[in-house]
Amino acid sequence: MRIITKLGFLILAIATLSACASGNVKSESTNLLPTESSQPQVESKPEVKPAPPPAKTEQEKIDERAAEILKTMTTSEKVGQMFLAHYPKQDSATVQAKYQYGGYIFFAEDFDAVSREQMLENIKACQTASKIKMIMGVDEEGGGINRVSSNPQYRATPFKSPQRLYNQGGVDAIVADSFEKSKLLKSVGINLNLAPVCDVSTNSGDYIFYRTLGKDAKTTAAYVEKLVRAMNEQKMGSTLKHFPGYGNNRDTHTGIAYDNRSLDTFKNSDFLPFIAGIKAGAGSVLVSHNIVAAMDKDTPASLSKPVHKILRNDLGFDGVIMTDDLYMGAIQDFTKGQGAAVSAILAGNDFLCCANAEVEIDAVLKAIAENKISMSSIDASVKRILKWKLDLNIVE
């Protein structure tokens, strides 16, 4: 019996040792397998997101908006947009509803016996009648050319000329004066002052002298640059005039003027204030009616393709080119009383200042129908006008 018991203990001990040995082998075998932590780690790369497109510049936004508006316009509306018509003495809003002009230009008599409040209401009525808000322009140069402040119900005394202001306080005095001027004009709904005069004249015998700064080209250029920047700050439209430079020529309100100066004279003098104004961001340039022999000996500058090419290509101006009034004596003499709007557009003008706009619109529409004027040129001009209006916050 004791032998059996001992034998049983012996068998049990052997079995236990075998089990332990078996367990140890299994454990060692398991530990030899590669674990997750012993695996080579592949470094994960952060997700690369495409860079957002660059933010559009203000000018790109304006360009896109102008293109959008252009697509909504009929041919008649596009042609109407190219006219800066004389403000009608009666039914101005009704006339605007019919023709959809790009703007009205006002003269001193339009403000006579009309209060500020009434003029503002009249202009608001015209804007309400417009599918596309209008340019409302005046020549408020100061001195002898004041359309608004010449009327005492608008200002106690007319604005001083640039020459007088310059002699009193330099360019700073002119810039300070421009802020008051813009405030007055805006108070009655005017958004374009056809200024500054960029012509260079130092001779008091010149017709244009008293409308200029009366200084040399470099001094005039510095004045033009500062004034244009100030007007841009005020969101008041500016117009550089009278390209390519008036010189000592006669008054083109009364007849044709011939300018026989050399091209070098223009490059070294007359062009400088225009270049300064263009670089400062002027929205428009007005072209004179002088016949400038060095550029085009046969045609008034306002109707001359070579003159407009110089302004676009040589001076790099990409804004609105406008004519001086097409019913001034110089153009009436040149065209023998015939309308000049078609010739003005073919020359490269965008905006036509015109006393008889309703007649000229029909002539332009006829020229388009007869393929004398391309729709692509009309679209390019209207787009420039729309961009100008957008820049001035006239149109949204």
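**Helix packing and aromatic pairs**

Author: In helix α8, Ala217, Lys218, Thr220, Ala221, Val224, Glu225, Val228, Arg229 and Asn232 meet Ser269, Leu272, Pro273, Ala276, Gly277, Lys279 and Ala280 of α9. Contact here means heavy atoms within 4.5 Å.

Reader: How do the residues of that contact divide into nonpolar, polar and charged?

Author: Eight are nonpolar, four polar and four charged in the contact of α8 with α9. Ala, Val, Leu, Ile, Met, Phe, Trp, Tyr, Cys and Pro count as nonpolar, Asp, Glu, Lys and Arg as charged, and the others, Gly among them, as polar.

Reader: What should I know about the source and numbering?

Author: This is a predicted model, in which local features need pLDDT of at least 70 and side-chain atom pairs count only at pLDDT 80 or more, while totals for chains, interfaces and linings use all residues. Residues are numbered from 1 along each chain as its sequence is written, and side-chain values use heavy atoms, with hydrogens and water left out.

Reader: At what angle do α8 and α9 pack?

Author: Helix α8 (residues 217-233) and helix α9 (residues 263-280) pack at about 20°, and their axes are 8 Å apart. The two are therefore roughly parallel to each other, a term for angles under 35 degrees.

Reader: Changing topic, how many aromatic pairs are there?

Author: The count comes to 12 aromatic pairs. Rings of Phe, Tyr and Trp (its six-membered ring) pair if their centres lie within 6.5 Å; planes under 30 degrees apart count as stacked, over 60 as edge-to-face and the rest as tilted. Phenylalanine 243 and phenylalanine 271 form a stacked pair, 5.5 Å centre to centre with 15° between the planes.

Reader: Where do phenylalanine 243 and phenylalanine 271 lie?

Author: Phenylalanine 243 is in strand β7 (residues 237-243) and phenylalanine 271 in helix α9, so the pair ties together parts 28 residues apart in sequence. Both phenylalanine 243 and phenylalanine 271 are buried, that is, under 20% relative accessible area (1.4 Å probe, protein chains only).

Reader: And what of phenylalanine 351 and tryptophan 388?

Author: Their ring centres are 6.4 Å apart and their planes stand at 85°, so this pair is edge-to-face. Both phenylalanine 351 and tryptophan 388 are buried.

Reader: Which residues form an aromatic cluster?

Author: Tyr87, Tyr99, Tyr101, Tyr104, Phe106, Phe111 and Tyr154 form one.

Reader: Finally, how many helices and strands does the protein have?

Author: There are 14 helices and 12 strands, taken as DSSP runs (helices H or I, at least four residues; strands E, at least two) numbered from the N terminus. Buried residues make up 49% of the 396 residues.

Terms used
Axes are lines fitted to C-alpha atoms, for helices over the stretch in contact, and angles run from 0 to 180 degrees between N-to-C directions. Angles under 35 degrees count as roughly parallel, over 145 as roughly antiparallel, 65 to 115 as roughly perpendicular and the rest as oblique. Buried means under 20% relative accessible area, exposed over 50%, partly exposed in between (1.4 Å probe, protein chains only).
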